[in-house]
Number of protein chains: 2
Amino acid sequence: MIDVVIIGTGNVAQHLLTAFSGATNVRVLQVVGRNKKVLNPLKKYTQANTFEEALIEADIYIISVSDDAISSVYENLKVKDKLIVHTSGSAPMDVLLPSPNRGSFYPLQSFSKERDLDFTTIPICIEAADSSSLELLRTLGTSISNNVRVISSEQRKSLHMSAVFVNNFVNHLYHIGDELCSKNGVPFDILRPLISETTNKVMHMAPYNAQTGPARRNDLNTIKMQSALLSNKDYKEIYELMSRSILEIYGKKL
Amino acid sequence: MIDVVIIGTGNVAQHLLTAFSGATNVRVLQVVGRNKKVLNPLKKYTQANTFEEALIEADIYIISVSDDAISSVYENLKVKDKLIVHTSGSAPMDVLLPSPNRGSFYPLQSFSKERDLDFTTIPICIEAADSSSLELLRTLGTSISNNVRVISSEQRKSLHMSAVFVNNFVNHLYHIGDELCSKNGVPFDILRPLISETTNKVMHMAPYNAQTGPARRNDLNTIKMQSALLSNKDYKEIYELMSRSILEIYGKKL
């Protein structure tokens with residue numbers, strides 16, 4: 001049995017709390033946060049306390065707060081001899097120095113309050129300063145996911161940036177599509193089957209091979225015509241930059 | 001029974017051919033193309049001829065060729081009194097002037113040779129110069145899809161551009177994610193659950209509400225740090241432009 005204390009009450013913290021609650025070999029002994037209103041509904045899972053209250057002894061302390069709060073939360077933690085990890089995509093493991101038993105436990109997924117997720121498929125990136133801590137994190141990870149990977153701080157930083165491209169920026173393109181549609185009296189709904197198929201394709205093939213469209217086939221007339229249609233300055237710039245980047249990759253300059 | 005002749009042998013033409021072959025109230029009497037090698041395997045569905053051979057009489061002629069070939073194919077067509085449509089996203093219906101019975105029949109999807117698609121969910125955008133042609137196209141569309149919509153040439157042009165954003169540009173972001181991962185010794189595979197969830201989210205909610213990430217939460221430190229990580233000039237430019245555009249939408253300037 002692995003005893004865990006979660007420090008933080010954000011999306012990642014709450015998703016981990018519910019995921020661990022369903023695991024047979026993990027006990028979340030405590031969740032710690034600033035705000036009693038946020039803590040109250042978590043009491044159905046475990047003991048929920050503010051930072052002023054006593055910290056419970058556990059095997060692993062998971063700091064799941066915003067990146068710029070990790071250091072100050074860590075400095076006030078009075079358990080320096082235990083395994084301490086954070087869940088950040090960007091912060092290196094060594095922000096938890098001087099702890100000898102430090103690590104990171106980063107679930108690579110976009111968490112929203114409203115959406116239940118199947119944790120078993122979510123990649124969990126683990127890293128630790130020593131091998132026994134790494135094995136403990138591996139056991140913790142496999143208690144909720146079938147997709148646990150050892151990823152260094154450097155790799156994780158790049159991975160988090162890649163995630164911004166394939167998640168936040170992709171969603172922004174969906175938003176642009178939505179805006180262009182509604183400006184023309186067409187419901188966004190009509191784009192959903194295409195969005196779905198675009199994603200389904202790269203579940204089985206490399207995106208490089210899945211590319212189609214005007215820039216891929218060097219159709220400069222269509223590119224020019226579509227770019228001229230755009231009145232929003234940012235969207236026009238995005239259109240031209242993305243088209244140019246695709247043309248360059250497939251060997252034809254704009 | 002609607003009798004159809006398909007002119008063209010590209011991805012869209014071939015997908016339409018197989019879809020109509022499964023419909024009970026449509027007969028594809030002929031498919032016409034330039035290349036005998038491409039035509040041969042289509043003979044299992046219908047009569048396949050080159051442009052030099054005689055055109056069969058039908059109710060609807062569907063021109064499914066590249067945009068810049070539509071006009072010349074149309075001019076050589078000797079059936080000006082029949083309903084003639086094209087399947088282009090960008091070309092206006094009126095490239096088929098002076099035909100009185102002209103229209104467009106645009107399936108909004110990304111077609112690849114390798115992938116079988118469920119046509120019933122694919123939006124088919126129809127448009128015609130007169131109401132009886134429109135009704136004929138509606139019957140033709142509903143024979144293969146539950147998602148037939150009347151869309152004007154102007155709307156279709158914008159829709160096709162939106163499709164470039166949510167399909168080609170999205171796929172390009174996937175490619176960038178793939179490249180960044182492999183440069184850092186991480187398999188692209190690790191991003192797939194995130195890609196899948198990003199898309200699943202907008203199946204039920206507006207992209208505007210689904211946005212997360214550094215730019216959405218005005219986390220300028222992470223944006224600066226990630227942009228500095230990028231050595232590829234195009235990708236850095238894409239990162240900064242997309243971040244700026246998201247910051248602007250959610251009310252915070254970079």
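Me: How many salt bridges does the rule find across the interface of chain B and chain A?
Reply: Eight of them cross the interface of chain B and chain A; a salt bridge here is a side-chain nitrogen of Lys or Arg within 4 Å of a carboxyl oxygen of Asp or Glu. This is a predicted model, where local features need pLDDT of at least 70 and side-chain atom pairs count only at pLDDT 80 or more, while totals for chains, interfaces and linings use all residues. Residues are numbered from 1 along each chain as its sequence is written, chains are lettered from A and ligands numbered from 1 in the order in which they are written, and side-chain values use heavy atoms, with hydrogens and water left out.

Me: Thanks! Which residue of chain A forms a salt bridge with E197(B)?
Reply: That would be R115(A), with the closest N and O atoms 2.7 Å apart.

Me: And how many residue pairs are in polar contact across the interface?
Reply: The rule gives 38 residue pairs, both residues at pLDDT 80 or more. A polar contact is a pair of N or O atoms within 3.5 Å; within protein, one must be able to donate a hydrogen and the other to accept it, and residues adjacent in sequence count only if both atoms are side-chain atoms.

Me: Which helix of chain B gives the most to the side that touches chain A?
Reply: α5(B) does, with 25 residues. Helices (H or I, at least four residues) and strands (E, at least two) are DSSP runs, numbered from the N terminus.

Me: OK, and how much area do the two chains bury?
Reply: About 8500 Å² between them, with 65% of it on carbon and sulfur atoms. Buried area is the accessible area (1.4 Å probe) that two parts lose on being put together, summed over both. In residues, 87 of chain B are in contact (heavy atoms within 4.5 Å) with 87 of chain A.

Me: Switching to the sheet in chain B: what's the strand order?
Reply: The order is β3-β2-β1-β4-β5-β6-β7-β8, an open sheet of eight strands with mixed pairing. Two strands pair if DSSP finds at least two bridges between them.

Me: Why is one side of β3 and of β8 left without a neighbour in that sheet?
Reply: β3 (47-50) and β8 (148-150) of chain B stand at the edges and each has a single partner strand, so one side of each has no neighbour in the sheet.

Me: How do β6 and β7 of chain B run?
Reply: β6 (102-107) and β7 (124-128) of chain B run antiparallel, joined by five bridges. In this pairing, F105(B) stands opposite I126(B).

Me: Over in chain A, what does R156(A) meet in a salt bridge?
Reply: E127(A), at 2.9 Å from N to O. The pair links distant parts of the chain, 29 residues apart: R156(A) is in helix α5 and E127(A) in strand β7 of chain A. E127(A) is also the bridge partner of S104(A).

Me: Where are the cis peptide bonds in chains A and B?
Reply: One joins L97(A) and P98(A), with omega about 10°, and another joins L97(B) and P98(B), with omega about 10°. P98(A) is in the loop between β5 and β6 of chain A.
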